[in-house]
Structures are given as structure tokens and as C-alpha cells.
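Take a look at the model below.

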Amino acid sequence: MNYQEFLPHPALRSMVECYWCVQGNPRDFWTVFPDACMDILYNFGSFIETRNDDGTELSRNTAFVIGNMFTPIRSRSVGYTDLFGIRFRAAGMGRLLRVPLAEFNDVSLSLRDVYKIAPEAEQLQPLTMQERVNLLDRWMLKHMTFSSKPETWEFCLNAIVSRSGNINVYDLSREVGISQKQMERKFIEKVGPTPKQFAQLLKFRKLREHLATRQDDSLANIATDFDFTDHAHLTKFFKKFALVTPSDFLSNLYKDSSASASNL
């Protein structure tokens, strides 16, 4: 399988992390883990996603909004794989869609059903990768809402991101002068998860990446580095989002070709 990433237009980079594509021959199931991001996914091949053992085939030549995930998705191709995606940074999708992003939590919905003037898959499929990037750049530059002055809740968001979720969100709300309920309402509308959920997703992403790249590090040391009380606390937290223990995750890392959308 061939995975590539492409940078968006400079004016979009605070809202869009990257464009990405996966192409290649069919392979076994792989696992896509929660990563605190939302995506728009164009499917030009044959692709099935499985949530809670419910296999759903994403229609060929269709675009989908992939919401924030709280549990993994098991995915596989049933023919040639050809996926092209837009990975949004936290709250980035909210600059484009005018609906509360919590509606997309743990679901995949047709882009056509939620945004009527998005580029159709038929427009993108015959283009080169760079032409796809250029077309989508122009679309988002035209339709995204740009803000010159961050709101108070956005300071909270940036603080959570800068600490990779390792922060007390309730203390943070008091520091910046916003009530917990007000911050939660803003996050549910503009980000999707609550501030606490979002912080946990970021912490899980950082932890999973650490485990994958530092396999020689002991779980006891990692628990200390990530401010868990002990090994058992780390394991319970990790299993909440991965549905497997850290040890099982590591043992299956290469055998299962497990990867998140951010490092397929």
C-alpha cells in the first residue's frame, strides 16, 4: 500500500493538517485508531469500514465526513484501494460545516448530505494528486470562515493541543475566564468532543505514537512520563480508546499492519 501526504495552501494550514492518499492492492484488515481529527474522505476504490462489528461499505466515487472517533475502526479493501482524504486540525472542520460537530462523533456521513456545494468525487478521480490538492485548496479558500481574532475557547483549545492533552481542562477554564459549561458548549459545537474528551483523545494519540516508536521503553517508565499513577492506570486508559492493552497493541503492531490515518 502506498501512503502519501500533501501540504495544503499556506492560508489553510492552521485548519487543515494535510491531504493524504492511500493506493494499492487489497490487503487484510487494518486498524484506524482515534487521533482527535476529523476527515473528509473520497473513496475511489472498494473499501469497507467496521465499527462494533457492523461492516459498512463506503460507496465508490463518494465523499464522506469521518467524525472524531472514540474507538478504533477496522477497515479493509475488497478491491483496489484508492482513498484521498483531507485531515482537519481540531475545530478546522467547523470553519467549513455550519452544524455542531458533535453530530459527527463516531459516525461517517455522506458529504453530500451535509454540504451541498462540495467537489464531487467524479471531479477529483481523473485528476493527478497535485490537481486534487489544488482544486480542494480553491474550494476551501472560497467557503471556509476565517477569523482574525481568536475567541476565549480557542485559547483553551490551543493550550490543550500544545500540551498534547496533558492538562486539567477545568483549571484551564478558570485561568482564561470562561465557565466550564460555556467551554463545553463551544467544544461540542466547534470541535465535537467535550474539552475533557478532546484532551483524552490527544493524550491517547501521543501515547500510542510513543508506544509505536519507543518499544524498548518500559510501561512503568511511560506511565510516569505521561502522568499516570501506575502501569495499571496507563493500561486502563489506553484500552478505553484502543480496545486492547498496550502489550497487545505492540504485539500486533506489525503483524496486523495497524496504523492510524496519520501514519498509514
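Predicted model: local features only at pLDDT ≥ 70, side-chain atom pairs only at ≥ 80, totals over all residues.

Residues are numbered from 1 along each chain as its sequence is written, and side-chain values use heavy atoms, with hydrogens and water left out.

Side chains of opposite charge can pair when their charged atoms come close. A salt bridge here is a side-chain nitrogen of Lys or Arg within 4 Å of a carboxyl oxygen of Asp or Glu. A search of the whole structure finds eleven of these salt bridges.

Begin with R205. Its salt bridge partner is E17, and the closest N and O atoms are 3.5 Å apart. This pair links distant parts of the chain: R205 sits in helix 7 (residues 195–213), E17 in strand 2 (residues 16–24), and 188 residues separate them. Helices (H or I, at least four residues) and strands (E, at least two) are DSSP runs, numbered from the N terminus. R205 has a relative accessibility of 14%, so R205 counts as buried. Buried means under 20% relative accessible area, exposed over 50%, and partly exposed in between (1.4 Å probe, protein chains only).

Next comes D39. D39 forms a salt bridge with R87, with the closest N and O atoms 4.0 Å apart. D39 lies in strand 4 (residues 38–43) and R87 in strand 9 (residues 81–88), so the pair ties together parts that are 48 residues apart in sequence. D39 is buried, at 7% relative accessibility. R87 is buried too, at 0%.

These pairs belong to a wider set. E5, E17, D39, R87, R205 and E209 are linked in a network of salt bridges.

How exposed is the pair E120 and R112? E120 is partly exposed at 28%. R112 is also partly exposed, at 48%. Their salt bridge has its closest N and O atoms 2.7 Å apart.

Now return to helix 7. Its axis and that of helix 9 (residues 231–242) come within 10 Å and cross at roughly 105 degrees. Axes are lines fitted to C-alpha atoms, for helices over the stretch in contact, and angles run from 0 to 180 degrees between N-to-C directions. The two helices are therefore roughly perpendicular (65 to 115 degrees).

Which residues of helix 7 meet helix 9? They are Q200, L201, K203, F204, L207, R208 and L211. Across from them, in contact (heavy atoms within 4.5 Å), are L234, F237, F238, K240, F241 and A242 of helix 9. The residues of this contact divide into nine nonpolar, one polar and three charged. Ala, Val, Leu, Ile, Met, Phe, Trp, Tyr, Cys and Pro count as nonpolar, Asp, Glu, Lys and Arg as charged, and the others, Gly among them, as polar.

Methods
Parallel < 35°, antiparallel > 145°, perpendicular 65-115°, else oblique.
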